[in-house]
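This report looks at one helix and at a set of charged side-chain pairs. It begins with the terms on which the description rests.

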Amino acid sequence: MPLILVAGSAEAGASTVAAGLAHRLAAAGRPARLERLAGDARAEADATAFAALEFARAVGSPVEASALSAEGDEVVIAEAPVGADGAALAAELGARLVTVAREDAGDAGASNGAIVLATHARAGGPLALPEDRLLAAPTVGTLIAASGAQVLARSTEGDAAICEHIVVGPIASDAGDAYFGRFERSAVVTRAEKVDVALAALRVDPECLILSGGGEPSPYLLDRVASSRRTTLLLTPEGTVETVRDIEGSFGRSAFAGEAKAERAGELMAAAIDDETLASLLAD
């Protein structure tokens, strides 16, 4: 069976690369199994995220290296635990090694014959995934945790919805439609008492509407959100400036999750991994 081991340091993007590689194989007509090896605190969440993807098979829980197996021409892509010796583990498994390294950390050099894929690169191209807004974007669930917000209503997509932009509500709602409409997949932050601004934001269906200041939200606003179920409504105890400071650090540091990020990773992987490199990964 072709076996590919993806290894990288914390926050290097190994999960994104593993999912993107599986997507690249699926686009080439090659069935793939995507697994997360046990051994660190992120293993359970990563395995669950892999199992939610439609283009690759996954068991949905962390596996031991000794349990890896494949059927027919299936390719197994396994993400190593954070901090593992990728070269030693790949040698033990007889796997091809893909080492993931952040270009902005200056550690994307050669590594014992492994294919080294640079992430957070300033430009795309062979063996490099460029910085990408969608891949860097946090989920609503991440923003809830970062801001300590109370959830007043959840959208149909819920905590898995992705927020690519933080948009601060204007002083008045006069230019609200044009202003809010410029940003897709947004998290809008505005004072709880500014009902007119919040209603203007809801007209473009942001992924998340964050009411700051801890004030009592308008019942009319609650009804609007509950009836549409297209926006998650949150209430934070702090003011707008403090809330934005709480959540802005989530961008670029959020864990991989979701079909949209996997598809985007696959698109970028198609440019980073050409047919020749892909063939070398699959070679016996």
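A residue is called buried when its relative accessible area is under 20%, exposed when this is over 50%, and partly exposed in between, as found with a 1.4 Å probe on protein chains only. The model is a predicted one, in which local features need pLDDT of at least 70 and side-chain atom pairs count only at pLDDT 80 or more, while totals for chains, interfaces and linings use all residues. Residues are numbered from 1 along each chain as its sequence is written, and side-chain values use heavy atoms, with hydrogens and water left out.

Helices (H or I, at least four residues) and strands (E, at least two) are DSSP runs, numbered from the N terminus. In helix α2, which covers residues 43-51, the buried residues are Ala43, Asp46, Ala47, Ala49 and Phe50. Seen down the axis of α2, these buried residues fall within an arc of 160 degrees (taken from the directions from the helix axis to the C-beta atoms), so they line one face of the helix. An α-helix has 3.6 residues a turn, so residues three or four places apart point the same way. The buried residues of α2 pack against α1 (14-27), β2 (32-36) and β3 (75-79), where contact means heavy atoms within 4.5 Å.

Side chains of opposite charge can pair when their charged atoms come close. A salt bridge is counted here when a side-chain nitrogen of Lys or Arg lies within 4 Å of a carboxyl oxygen of Asp or Glu, and the structure holds 13 of them. Asp46, one of the buried residues of α2, also belongs to a network of salt bridges that links it with Arg36, Asp40, Arg42 and Glu79.

| Pair | N to O distance | Relative accessible areas |
|---|---|---|
| Arg57 and Glu74 | 2.9 Å | Arg57 38%; Glu74 6% |
| Asp159 and Arg154 | 2.8 Å | Asp159 31%; Arg154 43% |
| Glu164 and Arg185 | 3.3 Å | Glu164 14%; Arg185 32% |

In the salt bridge between Arg57 and Glu74, both residues lie in the loop between α2 and β3, so the pair ties together parts that are 17 residues apart in sequence. Arg57 is partly exposed, whereas Glu74 counts as buried.

For the salt bridge of Glu164 with Arg185, Glu164 lies in the loop between β7 (150-153) and β8 (165-168) and Arg185 in the loop between α6 (176-180) and β9 (186-191), so this pair ties together parts that are 21 residues apart in sequence. Glu164 is buried, while Arg185 is partly exposed. In the remaining pair of the table, Asp159 is partly exposed, and Arg154 counts as partly exposed as well.
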